[in-house]
Amino acid sequence: MMLDTSRRTAFGPEHEQFRDSVRRFFARELEPHIDRWEGAGIIDREFWTKAGAAGLLCPTVPEEYGGPGLDFGFNAVIDEELGYIGSTAGISLHSDIVADYLVAYGSEEQKQHWLPRMVSGETPTAIAMTEPGAGSDLQGIRTSAIRDGNHYMLNGSKTYITNGQHAELVIVVAKTDPKEGAKGVSLILVEADREGYARGRNLDKIGFHSQDTSELFFSDLRVPITNCLGSEGQGFAYLMNQLPQERLSIAASAQAVAQRALDEAVSFTKGRKAFGRPIFEFQNSKFTLADLATKLQVGWAHLDWAITRHKAGALTAAEASAAKLWHTELQWEACDASLQLHGGAGYMNEYPIARLWRDARVTRIFGGTSEIMKEVVGRSL
Ligand SMILES: Cc1cc2nc3c(=O)[nH]c(=O)nc-3n(C[C@H](O)[C@H](O)[C@H](O)COP(=O)(O)OP(=O)(O)OC[C@H]3O[C@@H](n4cnc5c(N)ncnc54)[C@H](O)[C@@H]3O)c2cc1C
């Protein structure tokens, strides 16, 4: 099965050419390994360097830092293709989120050092905001980075961190001034080989099995003050600036997964018979599928609008939140309806819909829950 992009408006021929090479790379280096990675709870470390060598990591990194200097549309192409395949490899977080923090706020030295390594896949990355005691309410984080001469001393812990096992560089959201709320938050670059850095276990999740998700612990961990990303105390503002791209990236993937769920349902119901006719022929099946096809048509138009708007630098935080809300809710609806149309087969792991359904559950939670998306949209009204 292949994602039909013939009616898309956000992409030019250069994006579609890139999509061809992404598809070829995934068919060769990703799809044959998905089942093994799902079992292992993590992708192979070499996948990072292979993806880097194929030019699939960090498309927006400028050429002077070893990247191809492309627009976000190329990230979206990768997100959609990963979504349609049903892969949860954590390269989008690295490319769409972490890379842009460095591009936007990194010092020249930080950019020269880290960006080429991120583009090549030598340094997989993570971003650590969430803590056992604070997720939606980010201002409530307790991890501290206290100034001690030319160093910060980090103490605290993070949880649910995507790429937590593979990451060798982590943007840690920490309080440089614990007395302050948002104004006390800074972003600190932490290398995983520093003394005082410990990875917890790879967490046992309902789905997203091939993406490693971990706890991280910092105990009297010292980093030079030059590891602060951007200005001290500006971390919260930076997070607010970057979250729209993270949310759009999740929306793009969600829409592609929803399409795959529909395509699987159409194919399955045409092939399976009950009461002497294909399941597809029942009015209930056709209406369910037609309803989803209609929402998907609207969804693609909306996604193209949002990508185009983001490329022009105009997508607002509320619009990106609305996009994440809408596309991830559609993803869940499509996966659940498709699984139902598969009957018992849908509950069997040998059918792709089983994994799509399992993995869909989290997209309404991470990157900000649907409730928080409504809060953001609501505040804009
Ligand atoms: C697989 C996975 C990967 C993740 N990857 C990362 C990562 O790489 N980096 C990272 O930092 N985090 C990551 N997260 C964390 C994720 O972003 C948080 O789980 C999410 O933001 C919700 O925070 P929480 O779990 O603390 O839930 P809580 O904030 O405790 O929320 C619990 C419930 O309360 C609701 N709620 C909270 N506040 C409000 C409100 N104001 N109004 C209405 N309802 C509200 C929520 O919507 C939710 O339903 C990941 C999570 C998962 C599951």
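Q: Helices (H or I, at least four residues) and strands (E, at least two) are DSSP runs, numbered from the N terminus. In which helix is Gly73 found?
A: This is a predicted model, in which local features need pLDDT of at least 70, side-chain atom pairs count only at pLDDT 80 or more, and totals for chains, interfaces and linings use all residues. Residues are numbered from 1 along each chain as its sequence is written, and side-chain values use heavy atoms, with hydrogens and water left out. On this numbering, Gly73 is found in helix H4.

Q: Is Gly73 buried or exposed?
A: Leaving out residues up to four places away in sequence, Gly73 is in contact (heavy atoms within 4.5 Å) with Phe11, His15, Ile307 and Lys311. Lys311 is 238 residues away from Gly73 in sequence, yet their C-alpha atoms are 7.3 Å apart. Burial is judged by relative accessible area with a 1.4 Å probe and protein chains only (buried under 20%, exposed over 50%, partly exposed in between). Because its relative accessibility is 0%, Gly73 counts as buried.

Q: How many residues of H4 are buried?
A: H4 runs over residues 72-85 and reaches 20 Å from its first C-alpha to its last, close to the 20 Å expected at 1.5 Å a residue. The helix is mostly covered, and the number of its residues that are buried is 14 of 14.

Q: Which residue caps the N-terminal end of H4?
A: At its other end, H4 is followed by Gly86, whose phi is positive, near 90 degrees. At the N-terminal end, a side-chain oxygen lies 2.7 Å from the backbone nitrogen of Gly73, and the capping residue that supplies this oxygen is Asp71.

Q: What span should the 17 residues of H1 have?
A: The expected span of a helix is 1.5 Å times one less than its number of residues. The end C-alpha atoms of H1 lie at a distance which agrees with that expectation, because the 17 residues should span 24 Å and the ends are apart by 24 Å.

Q: With which residue does the side chain of Arg19 make a polar contact of 3.0 Å?
A: Arg19 is found in helix H1 (residues 13-29), where it is one of the buried residues, which also include His15, Phe18 and Val22, and what covers these buried residues includes H4. With its neighbours within four places in sequence set aside, Arg19 is in contact with Leu3, Thr5, Arg8, Phe11, Val77, Glu80 and Glu81. A polar contact is a pair of N or O atoms within 3.5 Å; within protein, one must be able to donate a hydrogen and the other to accept it, and residues adjacent in sequence count only if both atoms are side-chain atoms. At 3.0 Å, the side-chain partner of Arg19 is Glu80.

Q: Which side chain is joined to that of His94 by a polar contact of 2.8 Å?
A: His94 lies in helix H5 and counts as buried, because its relative accessibility is 0%. Apart from residues up to four places away in sequence, His94 touches several residues, among them Trp48, Leu57, Met118 and Thr125. The side chain joined to that of His94 at 2.8 Å belongs to Thr125.

Q: At what angle do helix H9 and helix H10 pack?
A: Axes are lines fitted to C-alpha atoms, for helices over the stretch in contact, and angles run from 0 to 180 degrees between N-to-C directions. The axes of H9 (residues 317-342) and H10 (residues 352-360) are 9 Å apart, and the angle is about 145 degrees.
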